[in-house]
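Please look at the sequence and the structure before reading on.

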Amino acid sequence: MKRIDNWDTFGNSEEGERIPPLPCGIYALKIVDAIDHPEEEGKEYLELHFDIVRSENAEYLKYFSKISTKEKWNFQGTTRLYYSVKAMGLFKSRIVAIEKSNKGYSFAKSNFDEKTLIGKFFIGVFQEHEYVNKEGLVAKAVRLESMRSTEAWQDEKCRADMEKQAHKLITLEDQKKERPAEPAPEQKKTASAIENDDDLPF
């Protein structure tokens, strides 16, 4: 295989150890990249890449200190900010949240240059939501659902509302999506299904 550079900088995780899913909650985020996608007429969007820079979920962040490189922590996530005429109200509210989190910054005064968003901070509210996976089953995932300003986070009442939002499950019904029928229980596998066990090394 090819040479692995900086081998000594990588942490060592135990066999079978998995990265825990991101817990619901409120996170301070930093934008590390912004990519415009204007080619989708009616669905134009900005793709923002962000890193988590602060969280009350200290145990989750500590986990990464074992598996991340010493040069860079790896908490990166992405979100899409749609800016078609239909979505402009929500888009502007998210941009305003970024502006209020970064004193003196104005997206309009930057001539709407998405690259000026890089390095800017905002508060992200992550919620668990239901979705239908490839197998047609209902599964759950945590994603960025709301972008708020640091100004809002500093307000005690607003922060309490954000905490309440973060721990509310977004169901398929909330998303106006049809819930699939429950699958029939699988038949239990019997020992007779195992063949050639003489070849097993134990």
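Is tyrosine 82 buried, partly exposed or exposed? Tyrosine 82 is partly exposed, with a relative accessible area of 34%. Buried here means under 20% relative accessible area, exposed means over 50%, and partly exposed lies in between (1.4 Å probe, protein chains only).

The model is predicted: local features need pLDDT of at least 70, side-chain atom pairs count only at pLDDT 80 or more, and totals for chains, interfaces and linings use all residues. Residues are numbered from 1 along each chain as its sequence is written, and side-chain values use heavy atoms, with hydrogens and water left out.

**Aromatic pairs**

The structure holds seven aromatic pairs. Rings of Phe, Tyr and Trp (its six-membered ring) pair if their centres lie within 6.5 Å; planes under 30 degrees apart count as stacked, over 60 as edge-to-face and the rest as tilted. Two of these pairs are set out below.

| Pair | Centre to centre | Between the planes | Arrangement |
|---|---|---|---|
| Tyrosine 27 and phenylalanine 126 | 5.1 Å | 80° | edge-to-face |
| Tyrosine 45 and tyrosine 82 | 5.3 Å | 50° | tilted |

Tyrosine 27 belongs to strand E1 (residues 25-37) and phenylalanine 126 to strand E4 (residues 121-132), so their pair ties together parts that are 99 residues apart in sequence. Helices (H or I, at least four residues) and strands (E, at least two) are DSSP runs, numbered from the N terminus. Tyrosine 27 is buried at 0% relative accessibility, and phenylalanine 126 is buried at 4%. Tyr27 and Phe126 also form one aromatic cluster with Phe50 and Phe122.

The pair of tyrosine 45, in strand E2 (residues 45-55), and tyrosine 82, in strand E3 (residues 77-82), links distant parts of the chain, 37 residues apart. Tyrosine 45 is buried, with a relative accessible area of 8%.

**Charges over rings**

A charge sits over a ring if NZ of Lys or CZ of Arg is within 6 Å of the ring centre and within 35 degrees of the ring normal. The charged end of lysine 120 sits over the ring of tyrosine 105, 4.6 Å from its centre. Likewise, the charged end of arginine 159 sits over the ring of tryptophan 153, at 5.1 Å from the ring centre.

**Leucine 172**

Leucine 172 lies in the segment after helix H4 (156-166) and is buried, with a relative accessible area of 1%. Although leucine 172 and glutamate 130 are 42 residues apart in sequence, their C-alpha atoms are 5.7 Å apart in space. Not counting residues up to four places away in sequence, leucine 172 touches several residues, including Glu130, Tyr131, Val132 and Val138; contact means heavy atoms within 4.5 Å.
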